[in-house]
Amino acid sequence: MSNMKDQALALAGLFQSVALVEALAKTGNCDKPAFDASIQSVFVTAPKTTIDVYHNINNLALGFKVLIENLESHTCASYPDSLRYSLNLFHLHKKLQKNPAMLAVIGQRLQRCQSQLDHFDASHDNIIAALADIYSDTLSTFTFRIQVKGSFTHLQQTRNANQIRAMLLAGVRATMLWRQVGGSRIKLLWQKNDLLQTARALYQDIDPSLKH
């Protein structure tokens, strides 16, 4: 797979995560298959190919939709905060890369969390709560923090708040994947049209019934 395809897949993973964050914050609900795929991606630490992180391209239907809309017009009508959240996650990941001790802690705690997968599905409330705690205890301690906008009622619900934090962690994982396959802010600026064409081509391969 070419670098451009890998980068488009990783960016779709990122935009899927932030779209789910926005949906959860504003409505308290989200696309469950997309949520499950994004959560599972956190535990795929040694993929043979980029798409292995999300198992198959159909699991990124939402992510490609939001990515393409943002690349086409710098905004997404359905998820207007998605670009801001994505840029925030780029910044957060940059800070994380400069903190190897925190990276090590996240890795260790993810390993412990992964051991629970023998007993629970990745989207089980216990797993989501554990991932949310990892985010809160590490990435959320930076001076720079992502401000999630939404309904006060939904943001104050413990289960919903845990899902949002877990999805932000999945977003960091996608950002890390994007960097690993050669992505950078400069390339995103200069190769925007190539990325858009690649994303559109990949989106064509997705089951039409999943495009909504």
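Visitor: Hi! Before we look at cysteines, what counts as a disulfide here?
Guide: Hello! A disulfide is a pair of cysteine sulfur atoms within 2.5 Å. Keep in mind that this is a predicted model.

Visitor: Thanks. How many disulfides turn up in the whole structure?
Guide: A search of the whole structure gives 0 disulfides.

Visitor: Is Cys-113 buried or exposed?
Guide: Cys-113 counts as buried, with 2% relative accessibility. Cys-30 has 27% relative accessibility, so this residue counts as partly exposed.

Visitor: Switching to helices: at what angle do α1 and α2 cross?
Guide: Roughly 125 degrees, and their axes come within 10 Å. Helix α1 covers residues 3–27, and helix α2 covers residues 32–41. The two are therefore oblique to each other.

Visitor: Which hand does the crossing of α1 and α2 have?
Guide: The crossing of α1 and α2 is left-handed.

Visitor: Nice. Which residues meet there?
Guide: From α1 there are Gln-16, Ser-17, Leu-20 and Leu-24. They meet Ala-34, Phe-35, Ala-37 and Ser-38 of α2.

Visitor: How does that contact split by class?
Guide: The contact of α1 with α2 has 5 nonpolar residues and 3 polar ones, with no charged residues.

Key:
Residues are numbered from 1 along each chain as its sequence is written. This is a predicted model: local features need pLDDT of at least 70, side-chain atom pairs count only at pLDDT 80 or more; totals for chains, interfaces and linings use all residues. Side-chain values use heavy atoms; hydrogens and water are left out. Buried means under 20% relative accessible area, exposed over 50%, partly exposed in between (1.4 Å probe, protein chains only). Axes are lines fitted to C-alpha atoms, for helices over the stretch in contact, and angles run from 0 to 180 degrees between N-to-C directions. Helices (H or I, at least four residues) and strands (E, at least two) are DSSP runs, numbered from the N terminus. Angles under 35 degrees count as roughly parallel, over 145 as roughly antiparallel, 65 to 115 as roughly perpendicular and the rest as oblique. A crossing is left-handed if the near helix is turned anticlockwise from the far one by less than a right angle, and right-handed if clockwise. Contact means heavy atoms within 4.5 Å. Ala, Val, Leu, Ile, Met, Phe, Trp, Tyr, Cys and Pro count as nonpolar, Asp, Glu, Lys and Arg as charged, and the others, Gly among them, as polar.
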